[in-house]
Amino acid sequence: MSRTTALAPRSEKGLLTPDNCVVALVDLQPQMLFGTSNFDRQSIINSNVALSKAARVFNVPTILTTVETKSFSGNIWPQIQAIFPGQSPIERSTMNSWDDGNFVNAVRKSGRKKIVLAGLWTETCVTLPTIQAIHDGYEVFVVEDCCGDVSQLAHDNAMKRMIQAGAKPVTALSVLLEWQRDWAERDTYDAVLDIVKSHFGAYGIGVEYAYTMVHGAPATTFPEYVIPPASTHR
């Protein structure tokens, strides 16, 4: 489920481009989110959905992985699965995804040496693979607003530890704009603004205002809300 349009090459020089990185989303599962308290949980979902949509728009290989789905953590969030409908998450028993051969092989198969990584919880399921991937020669960009932990202290300490090991902290919005880089790139322009208007609050509302009130463009239309039919499951 990826775009087939070839994107114009972006300059690199230490930056992320759609051609030099792979996205890894780790343990975006209900039980993991239940225990998260450092960020607003809805904001964590929103940021991960935005990052996932961005990966689709820019055709960036994306690895989904889950842990102990049936026995503890539950299925990957449906909001994420809907963005990658044909992709099954790599199931693990290990807390550290870098200990799982299938996950590591998926990263290697991508051929990318930069990993854009997000997940729950920051201090374990994000920190451990980050440190070991860096040890193995990868460059890791941790999407901080897509991560969460059991406390603010746990999250902050985890971020410090990863940064000390060489990881780069980013946000979902910074990744999106780093991939876009040039507003003259029309092949992704409209899709990027759609993500901005759907997921980035004041920035998105500001874009909508400027387009409609300043430039006279028609108002953005979203799909009509359809009320789900009553379920027979109670």
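Which residue is the bridge partner of Leu25 in β4? The partner of Leu25 is Ala118. The structure is a predicted model, in which local features need pLDDT of at least 70 and side-chain atom pairs count only at pLDDT 80 or more, whereas totals for chains, interfaces and linings use all residues. Residues are numbered from 1 along each chain as its sequence is written, and side-chain values use heavy atoms, with hydrogens and water left out.

**Sheet**

- An open sheet of 6 strands has the order β3-β2-β1-β4-β5-β6, with parallel pairing; two strands pair if DSSP finds at least two bridges between them.
- Its edge strands, β3 (90–92) and β6 (168–170), each pair on one side only.
- On average, neighbouring strands of this sheet are turned by 25 degrees against each other, direction ignored; axes are lines fitted to C-alpha atoms, for helices over the stretch in contact, and angles run from 0 to 180 degrees between N-to-C directions.
- Strands (E, at least two residues) and helices (H or I, at least four) are DSSP runs numbered from the N terminus.

**Strand β4 and its partners**

- β1 (residues 21–26) pairs with β4 (residues 114–119) in the parallel sense over 6 bridges, and Val26 stands opposite Gly119 in β4.
- Strand β5 (residues 139–143) runs parallel to β4 and is joined to it by 4 bridges; here Ile115 stands opposite Val140.
- In β4, 6 of 6 residues are buried, where buried means under 20% relative accessible area, exposed over 50%, and partly exposed in between (1.4 Å probe, protein chains only).
- Lys114, Val116 and Ala118 point one way from β4, while Ile115, Leu117 and Gly119 point the other way.

**Salt bridges**

- The structure holds 4 salt bridges, each defined by a side-chain nitrogen of Lys or Arg within 4 Å of a carboxyl oxygen of Asp or Glu.
- Arg92 and Asp27 meet in one of them, at 2.8 Å from N to O; Arg92 lies in strand β3 and Asp27 in the loop between β1 and α1 (30–34), 65 residues apart.
- Arg92 is buried at 2% relative accessible area, and Asp27 is buried at 0%.
- Lys168 forms a salt bridge with Glu139, with the closest N and O atoms 3.1 Å apart; this pair links strand β6 to strand β5, 29 residues apart.
- Lys168 is partly exposed at 33% relative accessibility, as is Glu139 at 22%.
- Glu208 and Lys197 form a salt bridge with their closest N and O atoms 3.9 Å apart; Glu208 lies in helix α10 and Lys197 in helix α9 (residues 186–199), so the pair ties together parts that are 11 residues apart in sequence.
- Salt bridges that share partners join Lys114, Glu139 and Lys168 into one network.

**Cysteines**

- There are 0 disulfides in the structure, a disulfide being a pair of cysteine sulfur atoms within 2.5 Å.
- The closest cysteine sulfur to that of Cys125 belongs to Cys147, and the 10 Å between them is too far for a bond.
- Cys146 is likewise in no disulfide, its nearest cysteine sulfur being that of Cys147 at 6.7 Å.
- Cys125 is buried at 5% relative accessible area, and Cys146 is buried at 0%.

**Surface**

- Tyr209, Met213 and Val214 make a nonpolar surface patch of about 370 Å².
- Patches are made of residues with over 30% relative accessible area and no salt bridge, with like charges joined within 9 Å and nonpolar side chains (Val, Leu, Ile, Met, Phe, Trp, Tyr) within 5 Å.
- Val214 lies in helix α10 (residues 201–214) and counts as exposed at 57% relative accessibility.

Definitions and conventions:
Areas by Shrake-Rupley, 256 points an atom, 1.4 Å probe, with all protein chains shown as cover.
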